[in-house]
Amino acid sequence: MVQVTHIEHEAIPHGQRAPACTMVIFGAAGDLTKRLLIPALYNLARTDLLPENFALIGVDRLEMTNEAFRQHLDDAVRAFASDKHYSQALDETHWGELLQRISYLPGDFGAAETYQHLQERLTQESVEHGTGDNAVFYLAVAARFFGGIVDQLGAAGLVTEAPGRWRRVVVEKPFGHDVESAKALNAQLRRNLAEPQIYRMDHFLGKETVQNIMLMRFANSIFEPLWNRDHIDHVQITVAETVGVESRAGFYETTGALRDMVPNHVFQLLALTAMEPPASFSADAIRNEKTKVLNAVHPVNAATDTVRGQYNVGQHDGHLHNGYREEAGVAALSMTETYVGMKLGVDNWRWSGVPFYLRTGKAMAKRCSEILIQFKRPPLSLFRDTATEALTPNALVLKLQPDEGAALMFGAKIPGPNISIGQVHMDFHYKDYFQNAPSTGYETLIYDCMIGDATLFQRSDSVIAGWRIVQPLLDFWADADAKAPLASYPAGSDGPAEADALLQDSGRSWKRLV
Ligand code: BG6
């Protein structure tokens, strides 16, 4: 491997404006740019976190003038203005100022001349907008372009760092499609980039409630003493969506729910829930602990401990929802899974013997991402008429979205002459305590990249560890001889009945979505 020199740059404290830089978005004419990246940059501008000296260059294959590109973004921002991403009237001053700093460069991602033009444009921006020499290259493109773009950036000398000049590359998911391809992509990126220059994006980590998992655990003293195999019966991690495949069949047919959600989003939640306290809050200390958890996951038996499912026609909110195979662009006999359920174990001192049940799916009954920590039952019942098994165990639910907060479930006496116990909830809602700034989730991550804080980005070892866990499932499902079943579930339901069996043997059950 070629030795790439990375220069340590001074860390900028959180909350301060990011330092002067140019951001280059590859895939600027695409959906991600207009739906999430531009709104995020606008929100950063509005909250005075975007660099004072900033410029954005959009690169894409489409021929377009600067004016046409700005118009395209302006239309999009106005069309989304009532979205949750804004929820306030568009601040024309900030938006107008940002728009002036945006330009467009048409070019083929594979052509060397695109990068020569980019080099010229970066110099021009540096003069016009005082952006200096720092640059973020954001790859908002299909995964097949990642390696080639970075090779070209390298060949053109665009990612070479020097004192006073940082160069960072943000890579969207999917990072590879199995262990081997993820390793190959890493190796390809590392030909031109040092690991600290690579910011592997997992937008779940930009969500406040996801970051709160660590705070909840390590900034309070009441949870951590109970956070282990002595007190916890099992953990359930749910990422359920109501939307189906929508217009993304081209991507989804070859990706499926497992690759799309599990090694990245769902495993990040697993790692944050199960990690040991880090030695400090530095990026590497946290990422070391998260990777250790993933490395401790026991090899999954795909045949017995996983369920894949696909939605068929069903009802949602009184509307008929297509089955997956009827969706536009989906093969009539598609075997792509839209649901994954799995049981796994973390082989370490803290979690030995505690099952973790994970599930994610599209077209389900409710949009709901949450983590359920189910505690053990009390050792004996003091209440004459109530057997221990009849006592509902305590549970803590970390609610990530859309209902943001946490709930603690415990038993309380039902008023009356008898001693009988009812389950009650102690509920915390973010909105009751904190003003929720409109956000796409990308603000934090783009800002962190600009200030050089990689804590919320995936390191290569953690990406590989994630793929390693799901590899047996990929192999088993792809093996025609193994005839791995594809369960079906009605759109608008809690998922396939087969997934219940993952828990039932041990007398457990999934938390209902509705
Ligand atoms: C993306 C997946 O990474 O995350 C999508 O590709 C999924 O399929 C999305 O819908 C979920 O993200 P969020 O923020 O809407 O929960």
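Predicted model: local features only at pLDDT ≥ 70, side-chain atom pairs only at ≥ 80, totals over all residues.
## Around the ligand

Let's start with the shell of residues near the ligand. Its members are Lys173, His203, Phe204, Lys207, Glu241, Arg248, Asp260, Met261, His265, Lys362, Arg367 and Gln401. Helix α8 supplies the largest share of the shell, with 3 residues.

## Polar contacts and burial

Several side chains bring polar atoms up to oxygen atoms of the ligand. For Lys207, an N or O atom of the side chain is 2.5 Å from a ligand oxygen. Glu241 likewise places a polar side-chain atom 2.5 Å from an oxygen atom of the ligand. In the case of Lys362, the distance from a polar side-chain atom to a ligand oxygen is 2.9 Å. The protein buries 79% of the 390 Å² that the ligand exposes when taken alone.

## Helix α9

Now over to helix α9, which runs through residues 283-295 and has 13 residues. From first C-alpha to last, α9 reaches 18 Å, close to the 18 Å expected at 1.5 Å a residue.

Which residues of α9 are buried? They are Ala283, Ala285, Ile286, Arg287, Glu289, Lys290, Thr291, Val293 and Leu294. These buried residues pack against three helices: α7 (208-218), α8 (249-274) and α13 (460-478).

Notes
Residues numbered from 1 in each chain as written. Heavy atoms only, no water. Helix = DSSP H or I, 4+ residues; strand = E, 2+ residues; numbered from the N terminus. Expected span 1.5 Å × (residues − 1). Buried < 20%, exposed > 50% of the residue type's maximum accessible area, 1.4 Å probe, protein only. Contact = heavy atoms within 4.5 Å. Near = heavy atom within 4 Å. Polar contact = N/O pair within 3.5 Å; in protein donor to acceptor, adjacent residues only side chain to side chain. Areas by Shrake-Rupley, 256 points an atom, 1.4 Å probe, with all protein chains shown as cover.
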